Amino acid sequence: MTLIEVPPAFAALHEQHDGADGLAWIKTLPALVADFLDRWDLRRDGDPAHGMASLVLPVRQADDSLAVLKLQRVNEENIGEPVGLRSWDGDGVVRLLRHDEPSCTMLLERLDAARPLTVLPDDEQALTILTGLLGRLVSLPAPAGLRRLADIAAAMVADTPAAAAQLPDPAEAELLRGYAAAVAEVLDEPGDRLLHWDLHYENVLAPLPGANREPWLAIDPKPLAGDPCFDLQPALSNRWADLVATGDPHRALRRRFDLMTSQLGLDRARATHWTLGRVLQNSLWDIEDGKLRLDPEQRAIAEALTPHRG
């Protein structure tokens, strides 16, 4: 069997984010793919593709049906993916066909990677579809064993003072502390729904032509247990050029936010607090990576929802 060649860009991403450990895992990938092709009686049906964290290989099963083999490093985000997929059981989301727990390798239903939700030119139509999927996904209670928003949010609030001290601009440090203060106000009610955590337009794909499925399906969840309001931000920041093209990004952001909260029946004030929580999370990650300024897009989201904080 010819071993796969790991895309150099994928290897570079893992070296950038995980250093020697990331490269060590990359070196295991060709043999790992070969092992699962043999173990699950699969054969290659195309070249590997990748996102930021996972390698996806098109395959055919023994009965000639189409699937994809997804390989990713075991970490606290990835181990929850099969748990969430089993709970959703293909309702609005890609189907999990097989799973190897030790390696976090999954065999998934194959969707049409060439048709993400971004192919729809009408931003409001795309957002309405995404919001409908999100409403279905968060309607389920989170199963046991997932990460909890309660713990993640408490850690973010605790980490904020040290992070703010690293920002050279006192005004930006004050903004960061304000985001944390907003999160602290909702810490006592973190929610218990099954969240996708990363539902944006590129993570919604059409099924393969001829498949007896619904028109759009979510992929690549990073599940956790929490408040559905925490799941809005990825769709707010996606397709940023569409927001800029309106000439008033703040107004366009509020329009997206109002559409989502109305369609999902969410309390607007609570959704604002948890969206600021996502802005805080992204900002803390940036500071951890050595950035000394707040991301302008994240600031714009906060300013659009809470102008007095901007």
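Let's start with a cysteine: Cys229 has a relative accessibility of 2%, so Cys229 counts as buried (buried means under 20% relative accessible area, exposed over 50%, and partly exposed in between, using a 1.4 Å probe and protein chains only). This is a predicted model, so local features need a pLDDT of at least 70 and side-chain atom pairs count only at pLDDT 80 or more, while totals for chains, interfaces and linings use all residues. Residues are numbered from 1 along each chain as its sequence is written, and side-chain values use heavy atoms, with hydrogens and water left out.

Cys104 is buried too, because its relative accessibility is 2%. What about disulfides? A disulfide is a covalent bond between the sulfur atoms of two cysteines. Here, a pair of cysteine sulfur atoms has to lie within 2.5 Å to be called one, and the count under that rule is 0.

Cys104 has something else to show you. Look for Cys104 in the loop between β5 (96-100) and β6 (105-109); strands (E, at least two residues) and helices (H or I, at least four) are DSSP runs, numbered from the N terminus. Most residues other than glycine have a negative phi. Cys104 has a positive phi, near 60 degrees. Asp64, in the loop between β3 (54-60) and β4 (66-72), also has a positive phi, about 75 degrees, without being a glycine. With a relative accessible area of 37%, Asp64 is partly exposed.

Now for the helices. Two packed helices are described by the angle between their axes and the distance between the axes. The axes are lines fitted to C-alpha atoms, for helices over the stretch in contact, and the angles run from 0 to 180 degrees between N-to-C directions.

Take α4 and α5 to begin with. Their axes are 9 Å apart and the helices pack at an angle of about 160 degrees. That makes α4 and α5 roughly antiparallel (angles over 145 degrees count as roughly antiparallel, under 35 as roughly parallel, 65 to 115 as roughly perpendicular, and the rest as oblique). Their crossing is left-handed, meaning that the near helix is turned anticlockwise from the far one by less than a right angle; clockwise would be right-handed. On the α4 side, the contact (heavy atoms within 4.5 Å) is made by Ala153, Val157, Thr160, Ala163 and Ala164, and they meet Ala173, Leu176, Arg177, Ala180, Val183 and Ala184 of α5. By class, this contact has 9 nonpolar, 1 polar and 1 charged residues. The nonpolar class holds Ala, Val, Leu, Ile, Met, Phe, Trp, Tyr, Cys and Pro, the charged class Asp, Glu, Lys and Arg, and the polar class the others, Gly among them.

Thr160 sits in α4 (residues 149-164) and is buried, with a relative accessible area of 2%. Apart from residues up to four places away in sequence, Thr160 touches Leu176, Arg177, Ala180, Leu280 and Leu284.

Next, follow α5 (residues 170-184) over to α9: their axes come within 8 Å and cross at roughly 135 degrees. α5 and α9 are therefore oblique to each other, and the crossing is left-handed. From α5 come Leu176, Tyr179, Ala180, Ala182 and Val183, while α9 supplies His273, Trp274, Leu276, Gly277, Val279, Leu280, Ser283, Leu284 and Ile287. Sorted by class, that gives 11 nonpolar, 3 polar and no charged residues. Setting aside neighbours within four places in sequence, Ser283 contacts Leu176, Tyr179 and Leu294.

How does α9 sit against α8? Helix α8 (residues 249-264) and helix α9 (residues 268-288) pack at about 120 degrees, with axes 11 Å apart. The pair is therefore oblique, and α8 passes α9 in a right-handed crossing. Arg254, Phe257, Asp258 and Thr261 in α8 meet Arg268, Ala271, Thr272 and Thr275 in α9. These residues divide into 2 nonpolar, 3 polar and 3 charged.

Finish at Leu236, in helix α6 (residues 233-237). Leu236 is buried, at 1% relative accessibility. Not counting residues up to four places away in sequence, Leu236 touches Leu243, Leu253, Arg256, Phe257, Met260, Thr275 and Ile301.
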